[in-house]
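This report describes a protein chain for a reader who is new to structures. Please look at the sequence and the model before reading on.

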Amino acid sequence: YQVGQTPQIDQLVSGSWVDPLRKRQGVQIRKGTRYNGSEYVMLTIFTFKDGQPYWLAGMAELDLPQSQLSVDLYEFSGLNFFEDGQSPSESIVGSIHLSMTSCDAMNASLMYGNESITLNLVRLDDITFTQNCIDSE
């Protein structure tokens with residue numbers, strides 16, 4: 001991407017993202033391609049609920065090009081640590097809307113129950129994508 005273009009949600013989005021105001025919390029995002037060529041984004045949100053570590057996960061199909069993406073968020077329960085032979089219970093508890101703003105930044109609007117939270121996400125230190133995207137200084 002060149003200066004002035006809005007980066008697309010593609011391989012560029014993969015990585016760890018944090019809002020500097022929210023310590024020890026963040027989003028892990030991974031873009032993938034299936035054998036049939038279809039593409040998707042999977043994300044995991046790491047946060048806290050009632051003082052305990054809490055995570056949410058979701059997946060959405062990609063239809064490139066796009067600079068914004070909405071993902072339903074699920075919480076999972078009912079299993080023990082790496083328990084086999086069972087499937088966890090899952091419930092949709094919210095959604096997140098991602099919007100790239102620059103090579104290493106995106107806005108995220110998180111809906112969780114009755115709460116609406118805006119996150120100003122920045123990429124954790126990672127030079128993987130510097131050859132693909134250059135922001136204006």
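A contact means that heavy atoms lie within 4.5 Å. Among contacts in this chain between residues at least 6 apart in sequence, 39% join residues at least 24 apart. The model is predicted, so local features need pLDDT of at least 70 and side-chain atom pairs count only at pLDDT 80 or more, while totals for chains, interfaces and linings use all residues. Residues are numbered from 1 along each chain as its sequence is written, and side-chain values use heavy atoms, with hydrogens and water left out.

**Strands**

The chain has zero helices and eight strands. Helices (H or I, at least four residues) and strands (E, at least two) are DSSP runs, numbered from the N terminus. Two strands pair if DSSP finds at least two bridges between them. Strand 8 (residues 115-123) pairs with strand 1 (residues 15-18) in the antiparallel sense over two bridges; here valine 18 has valine 122 as its bridge partner. Strand 8 also pairs with strand 7 (residues 105-112), again in the antiparallel sense, over eight bridges. In that pairing, leucine 110 has isoleucine 117 as its bridge partner. Strands 7 and 8 form a hairpin with two residues between them, and glycine 113 in the turn has a positive phi of about 60°.

**Burial and surface**

A residue is buried under 20% relative accessible area, exposed over 50% and partly exposed in between (1.4 Å probe, protein chains only). Of the 137 residues in the chain, 34% are buried. Accessible areas come from the Shrake-Rupley method with a 1.4 Å probe, and for residues only the protein chains shown count as cover. The chain exposes about 8,900 Å², of which carbon and sulfur atoms supply 50%.

**Aromatic pairs**

Rings of Phe, Tyr and Trp (its six-membered ring) pair if their centres lie within 6.5 Å; planes under 30 degrees apart count as stacked, over 60 as edge-to-face and the rest as tilted. The whole structure holds four aromatic pairs. In one of them, the rings of tryptophan 55 and phenylalanine 76 have centres 5.5 Å apart and planes at 25°, so this pair is stacked. Tryptophan 55 lies in strand 4 (residues 52-62) and phenylalanine 76 in strand 5 (residues 68-77), so the pair ties together parts that are 21 residues apart in sequence. Tryptophan 55 is partly exposed at 44% relative accessible area, and phenylalanine 76 is partly exposed at 31%. Phenylalanine 81 and phenylalanine 82 form an edge-to-face pair, 5.0 Å centre to centre with 85° between the planes; both residues are exposed. Ring pairs also link Trp55, Tyr74 and Phe76 into a cluster.

**Salt bridges**

Side chains of opposite charge can pair when their charged atoms come close. A salt bridge is a side-chain nitrogen of Lys or Arg within 4 Å of a carboxyl oxygen of Asp or Glu. The structure holds five salt bridges, including those in the table.

| Aspartate 19 | Arginine 22 | 3.8 Å |

Lysine 49 is partly exposed at 34% relative accessible area, and glutamate 75 is partly exposed at 24%. Aspartate 19 counts as buried at 7% relative accessibility, whereas arginine 22 counts as partly exposed at 36%. Lysine 31 is buried, with a relative accessible area of 10%.
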